[in-house]
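Here is a short briefing to read alongside the model. Have the sequence and the 3D view open, and let's walk through it together.

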Amino acid sequence: MESVLWAFKTLYDKDLAYEGYRVLPYCWRDETPLSHEPRMDDDVYQDRQDPSVTSPSR
């Protein structure tokens, strides 16, 4: 545990960790934060053409 706190303090001293606030959906019944994945439409899993250009591996 001490090494975790030391590592976190080191990151904090280098301004790589900070305190912030974020709004998360919360389930009051289960007392857990919910996943906040973007809403998926009905056509998410349809086949699509990929217009990228790649060279064949040799």
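**Strand β1 and the overall picture**

Tyrosine 26 lies in strand β1, which covers residues 26–27. This is a predicted model, in which local features need pLDDT of at least 70 and side-chain atom pairs count only at pLDDT 80 or more, while totals for chains, interfaces and linings use all residues. Residues are numbered from 1 along each chain as its sequence is written, and side-chain values use heavy atoms, with hydrogens and water left out.

**Layout of the chain**

- The chain contains one helix and two strands, and from the N terminus on its elements run α-β-β.
- Helices (H or I, at least four residues) and strands (E, at least two) are DSSP runs, numbered from the N terminus.
- Of the 58 residues of the chain, 3% count as buried; buried means under 20% relative accessible area, exposed over 50%, and partly exposed in between (1.4 Å probe, protein chains only).
- The accessible surface of the chain is about 6700 Å², and 55% of it belongs to carbon and sulfur atoms. Such areas come from the Shrake-Rupley method with a 1.4 Å probe; for residues, only the protein chains shown count as cover.

**Around tyrosine 26**

- With a relative accessible area of 36%, tyrosine 26 is partly exposed.
- Leaving aside residues up to four places away in sequence, tyrosine 26 touches Glu31, Thr32, Pro33 and Leu34 (contact means heavy atoms within 4.5 Å).
- The side chain of tyrosine 26 also reaches the backbone oxygen of glutamate 31 at 3.3 Å.
- Glutamate 31 itself lies in the loop between β1 and β2 (32–33), and at 58% relative accessibility it counts as exposed.
- Phi of glutamate 31 is near 55 degrees, a positive value in a residue other than glycine.
- For background, most residues other than glycine have a negative phi.

**Helix α1 and what follows**

- Helix α1 has twelve residues and reaches 16 Å from its first C-alpha to its last, close to the 16 Å expected at 1.5 Å a residue; the expected span is 1.5 Å times one less than the number of residues.
- Valine 4 sits in helix α1 (residues 2–13) and, at 51% relative accessibility, counts as exposed.
- Met1, Val4 and Leu5 form a nonpolar patch on the surface, with about 350 Å² of accessible area together. Patches are made of residues with over 30% relative accessible area and no salt bridge: like charges are joined within 9 Å, nonpolar side chains (Val, Leu, Ile, Met, Phe, Trp, Tyr) within 5 Å.
- Just after α1, aspartate 15 takes a positive phi of about 60 degrees, although it is not a glycine.
- Aspartate 15 belongs to the loop between α1 and β1 and is exposed, with a relative accessible area of 68%.

**Salt bridges**

- How many salt bridges does the structure hold? There are two, where a salt bridge is a side-chain nitrogen of Lys or Arg within 4 Å of a carboxyl oxygen of Asp or Glu.
- Lysine 9 pairs with aspartate 13, the closest N and O atoms being 2.7 Å apart.
- Because lysine 9 and aspartate 13 are four residues apart in helix α1, about one helical turn separates them.
- Aspartate 13 is partly exposed, with a relative accessible area of 49%.
- The side chains of aspartate 30 and arginine 29 form a salt bridge at 3.2 Å, N to O.
- Aspartate 30 is partly exposed at a relative accessible area of 44%, whereas arginine 29 counts as exposed at 71% relative accessibility.

Technical notes. A polar contact is a pair of N or O atoms within 3.5 Å; within protein, one must be able to donate a hydrogen and the other to accept it, and residues adjacent in sequence count only if both atoms are side-chain atoms.
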